[in-house]
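Trainee: I would like to go through the ligand site and then some helix packing. Please show me the model.

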Amino acid sequence: MKYISTRGLSPALSFSEILLGGLAPDGGLYLPEHYPQFSDADLSAMRAMNYADLAFAILSRLIDDIPAADLKAIIDKTYRADVYAYARPGQNAADITPTLKLEEQLYLLCLSNGPTLAFKDMAMQLLGNLFEYVLAKTGKTTNILGATSGDTGSAAEYAMRGKKGVSVFMLSPHKKMSRFQAAQMFSLKDENIHNIAVNGVFDDCQDMVKAVSNDAQFKAQYKIGAVNSINWGRIVAQVVYYFKGYFAVTTSNAEKVSFSVPSGNFGNVCAGHIARMMGLPIDQLVVATNENDVLDEFFKTGVYRPRGSANTYQTSSPSMDISKASNFERFIFDLVGRDSAKVRELWASVDQGGAFDIHALMAKVAEYGFVSGSSNHQQRMQTIRDTHKKYAVSIDTHTADGLKVALERRAPKVPMLVLETALPAKFEDAMVEALGAVPERPSALIGIEALPQRFDVMDFDVAAIKQYIVNKVS
Ligand SMILES: *Cc1c(COP(=O)(O)O)cnc(C)c1O
């Protein structure tokens with residue numbers, strides 16, 4: 001299996017060749033040159049598999065340059081009950097992504113039982129083990145440079161801690177993460193993890209990362225890598241739980257289900273799109289946004305109009321505060337019949353801060369099952385309260401956005417799975433506002449705010465972060 005760029009001007013590469021990088025050299029995103037197909041018989045054989053076996057069945061069709069036995073070992077090491085240990089009482093952690101029934105035809109697909117209590121652990125843990133394997137094979141090392149407002153950074157650090165050949169340099173806005181998020185990251189003692197608190201906001205951190213990555217010479221010399229949401233390894237890992245969720249709530253492949261996905265960068269729901277393209281019987285893919293509703297606008301009007309960071313609202317579902325959906329180009333590539341010239345034309349405008357309008361294609365968008373909706377603070381709080389009252393289940397603010405839109409969009413008689421993208425414990429203040437009580441926290445994480453913290457403070461200074469990396473690496 002080769003991977004091609006959505007912009008069509010980069011050479012096709014193998015999985016291991018694209019694993020450590022981000023964008024293709026032509027500015028596009030990588031996708032498999034074709035989607036493997038699962039037949040009815042394949043689906044029947046996969047129905048009873050445990051998570052790791054299912055992951056192997058799917059990933060081995062997309063990764064053919066790692067020997068099967070090695071890939072299996074990497075997957076088995078990743079998807080273990082003791083890694084995804086924070087299942088709710090009564091759930092089986094060995095399911096890795098257990099489902100929770102709220103009522104007839106309405107479920108949560110619980111994706112946030114990993115070490116940092118957000119769904120990003122599902123993919124990032126695999127990435128950590130894949131990175132270590134590929135680097136050892138090629139005798140290489142990498143220095144991952146990233147910016148985070150909380151969830152991505154902690155998931156990356158917990159996945160990469162102690163991994164041979166990998167160092168992590170994670171920039172976060174000083175004193176702007178939640179106390180829990182800061183404690184999670186800054187209490188790590190691993191030698192290969194470097195936390196840099198930047199005097200500024202998230203966008204300043206992002207701009208510093210971009211400036212370093214744009215210095216091609218520095219990037220090559222210091223082997224700067226990325227684990228941001230466009231990384232194909234993350235997308236591919238996320239395809240698996242759509243299958244797992246489907247099998248959990250159906251008994252025959254003739255049934256269809258829908259998924260509602262709290263969305264920001266379009267990575268999670270893009271994996272759903274790919275699962276559907278591979279033959280999973282999905283009815284609707286519900287794209288749920290918060291007040292940052294660029295994607296909702298697109299799916300309602302055909303106009304894609306990223307807003308820029310100055311026009312991004314800070315909300316109570318902060319991990320979805322994104323106004324430029326970096327994985328969206330992957331879906332548009334499929335939508336326009338994989339015409340890379342057309343993608344280049346559309347993004348010529350987006351890359352200049354502009355927009356595009358493809359409302360003429362909206363009938364085709366519907367064929368892919370996409371529908372959308374948005375939520376706001378009041379509705380999010382109300383959904384958390386309603387869910388607690390009606391089902392005695394606490395959900396976090398992001399999942400609440402997914403559930404709110406799912407309830408508006410669901411079709412009769414089609415099971416709806418709402419993807420749970422974080423546990424309530426991760427967003428304490430919002431939960432206290434909604435329910436008047438501090439959410440329960442897994443016992444292993446009680447008191448982490450009191451642990452010693454290790455981080456360096458830095459101003460917005462590109463030369464300084466480069467020097468910092470040079471000092472740590474040598
Ligand atoms: C990252 C994140 C999202 C958004 O996921 P995308 O793949 O960027 O669409 C939603 N909820 C939570 C809790 C997240 O951490």
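Trainee: Which residue places a polar side-chain atom 2.5 Å from an oxygen atom of the ligand?

Mentor: This is a predicted model, where local features need pLDDT of at least 70, side-chain atom pairs count only at pLDDT 80 or more, and totals for chains, interfaces and linings use all residues. Residues are numbered from 1 along each chain as its sequence is written, and side-chain values use heavy atoms, with hydrogens and water left out. The side chain that lies 2.5 Å from a ligand oxygen belongs to Lys120.

Trainee: How much of the ligand's exposed area does the protein bury?

Mentor: Accessible areas come from the Shrake-Rupley method with a 1.4 Å probe. Taken alone, the ligand exposes 380 Å². Of that, the protein buries 97%.

Trainee: Which backbone N or O atom lies 2.9 Å from an oxygen atom of the ligand?

Mentor: Phe266 has a backbone N or O atom 3.1 Å from a ligand oxygen. The one at 2.9 Å is a backbone atom of Asn268.

Trainee: How are helices α8 and α19 oriented to each other?

Mentor: Helices are DSSP runs (H or I, at least four residues), numbered from the N terminus. Axes are lines fitted to C-alpha atoms over the stretch in contact, with angles from 0 to 180 degrees between N-to-C directions. The axes of α8 (residues 202–214) and α19 (residues 462–473) come within 10 Å and cross at roughly 70°. Angles of 65 to 115 degrees count as roughly perpendicular, so α8 and α19 are roughly perpendicular.

Terms used
A polar contact is a pair of N or O atoms within 3.5 Å; within protein, one must be able to donate a hydrogen and the other to accept it, and residues adjacent in sequence count only if both atoms are side-chain atoms. Helices (H or I, at least four residues) and strands (E, at least two) are DSSP runs, numbered from the N terminus. Angles under 35 degrees count as roughly parallel, over 145 as roughly antiparallel, 65 to 115 as roughly perpendicular and the rest as oblique.
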